[in-house]
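Q: I have a new structure to read. Where do I begin?

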Amino acid sequence: MGTQALNMDIVILFLMALAALWTVMTRSLLRSAIGLALTSAMLTILMFRLHAPLAAVFELSVCSGLISVVFIATISVTQPMSQEKVLQHMRDRLERFWYLPILLVLIGIVLSFVSFKFNLSVPLPEIEKDPRVVLWNQRPLDLLGQIIMLLTGVFGIIILFREAKQK
Amino acid sequence: MSAQALTLFWPFCLFIVVLFVIGFYCLLVTFNLIRALIGLELLIKAVTLLLVLVGYVTAHEALVQSLVITLIVMEVVIIAVAAGIALGLHRHNKNLDTRQLRNLKG
């Protein structure tokens with residue numbers, strides 16, 4: 001990967017961090033959800049550039065699409081906070097967490113003195129290049145786990161809404 | 001890890017830490033349940049990017065992609081159930097303030 005490609009990656013990373021910051025700092029919940037979708041879209045581009053196209057498609061369709069729809073549906077059903085409450089909450093937040101940026105800078109300074117050494121070159125006898133083969137042939141238990149998680153989610157939602165209906 | 005991969009690794013790591021801090025900040029300061037879920041999503045995105053990055057620099061892209069797909073499925077299930085809980089809480093308390101959760105008795 002050349003310097004130009006690295007620069008492009010850094011630009012996309014910067015945009016992703018900016019979208020994440022906007023997601024957190026914006027007052028409107030709806031804008032937060034849209035910001036999250038933007039962050040997800042930037043992450044998709046990065047995943048594609050890091051040679052993970054299948055996971056990138058999942059990220060784009062599920063995280064950027066489906067989860068945003070779930071968030072926007074939830075926000076539209078629930079009641080938004082009044083403007084006064086939002087301002088009061090922001091003032092409270094500034095008073096309560098004024099020390100956080102200082103703490104963050106201090107942690108950054110401490111971490112810059114610590115030298116991390118990662119041994120990332122784990123040897124494997126044979127590296128499979130096709131994610132479909134890995135998922136279906138080498139890690140079928142992961143698929144079982146996914147099915148169990150999906151069923152758990154479905155049953156959880158059924159129970160949640162059944163209880164709400166009875167009340 | 002080659003020198004070329006190393007030049008890619010540290011800038012990505014820096015931004016992953018930034019994303020993680022933003023998500024953690026969101027979780028820490030908010031009292032709104034939906035905003036807390038958004039913070040959780042940002043944390044999961046940082047973990048996803050770290051997984052993909054490590055897969056790229058160690059040339060195990062296929063294995064990491066299968067792990068990321070599993071992570072995305074779990075993420076969706078967690079968010080869907082949590083959104084259901086948020087709706088139930090809103091029906092009960094008429095707001096989404098997490099401080100109201102402390103009043104619940106088992």
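A: Begin with one term. A residue is buried if its relative accessible area is under 20%, exposed if over 50%, and partly exposed in between. Keep in mind that this is a predicted model.

Q: Which residues of α4(A) are buried?
A: A:Val86, A:His89 and A:Arg93 are the buried residues of α4(A). Look down the helix axis. The buried residues fall within an arc of 60 degrees, so they line one face of α4(A).

Q: Which residues on the other side of α4(A) are exposed?
A: There, A:Glu84, A:Leu94 and A:Glu95 are exposed.

Q: What span should the 14 residues of α4 of chain A have?
A: Count 1.5 Å a residue. Helix α4 of chain A covers residues 83-96, so it should span 20 Å. Its end C-alpha atoms are 20 Å apart, which agrees.

Q: How many helices and strands does chain A have?
A: Chain A has seven helices and zero strands. From the N terminus on, its elements read α-α-α-α-α-α-α.

Q: What share of chain A is buried?
A: Of its 167 residues, 31% count as buried. Chain A exposes about 11,300 Å². Carbon and sulfur atoms supply 70% of that area.

Q: How do I read contacts along chain A?
A: Look at how far apart the partners are in sequence. Take contacts in chain A between residues at least 6 apart: 49% of them join residues at least 24 apart.

Q: What should I know about nonpolar side chains?
A: In soluble globular proteins, they tend to be buried together. Now take the case here. The largest nonpolar core has 53 residues. Those with the most contacts inside it are A:Met16, A:Leu50, A:Phe71, B:Phe12 and B:Leu49.

Q: Which elements give two or more residues to this core?
A: From chain A, they are α1 (3-25), α2 (29-49) and α3 (53-77). From chain B, they are α1 (3-29), α2 (33-57) and α3 (61-93). The most comes from α2(B), with 11 residues.

Q: What is B:Leu49 in contact with, leaving aside neighbours within four places in sequence?
A: In chain A, the partners of B:Leu49 are A:Leu13, A:Met16, A:Leu43, A:Leu46 and A:Leu50. In chain B, they are B:Phe12 and B:Ile16.

Q: Is B:Thr48 buried or exposed?
A: B:Thr48 counts as buried, because its relative accessibility is 0%. The residue lies in helix α2 of chain B. Not counting residues up to four places away in sequence, B:Thr48 touches A:Leu43, A:Met47, A:Glu59, B:Val68 and B:Leu71.

Q: Where is A:Ala41, and what does it touch?
A: A:Ala41 sits in helix α2 of chain A. With a relative accessible area of 23%, A:Ala41 is partly exposed. Beyond residues up to four places away in sequence, A:Ala41 touches A:Leu60 and A:Ser64. Compare A:Phe155, which is 114 residues from A:Ala41 along the chain. Their C-alpha atoms are separated by 30 Å.

Q: Where do A:His51 and B:Ala59 lie?
A: A:His51 lies in the loop between α2 and α3 of chain A. B:Ala59 lies in the loop between α2 and α3 of chain B. A:His51 counts as partly exposed, at 43% relative accessibility. B:Ala59 counts as partly exposed too, at 29%.

Note on methods
Residues are numbered from 1 along each chain as its sequence is written. Chains are lettered from A and ligands numbered from 1 in the order in which they are written. This is a predicted model: local features need pLDDT of at least 70, side-chain atom pairs count only at pLDDT 80 or more; totals for chains, interfaces and linings use all residues. Side-chain values use heavy atoms; hydrogens and water are left out. Helices (H or I, at least four residues) and strands (E, at least two) are DSSP runs, numbered from the N terminus. The expected span of a helix is 1.5 Å times one less than its number of residues. Buried means under 20% relative accessible area, exposed over 50%, partly exposed in between (1.4 Å probe, protein chains only). The arc is that of the directions from the helix axis to the C-beta atoms. A nonpolar core is a set of buried Ala, Val, Leu, Ile, Met, Phe, Trp, Tyr and Cys residues joined through side-chain atoms within 4.5 Å. Contact means heavy atoms within 4.5 Å. Accessible areas come from the Shrake-Rupley method with a 1.4 Å probe; for residues, only the protein chains shown count as cover.
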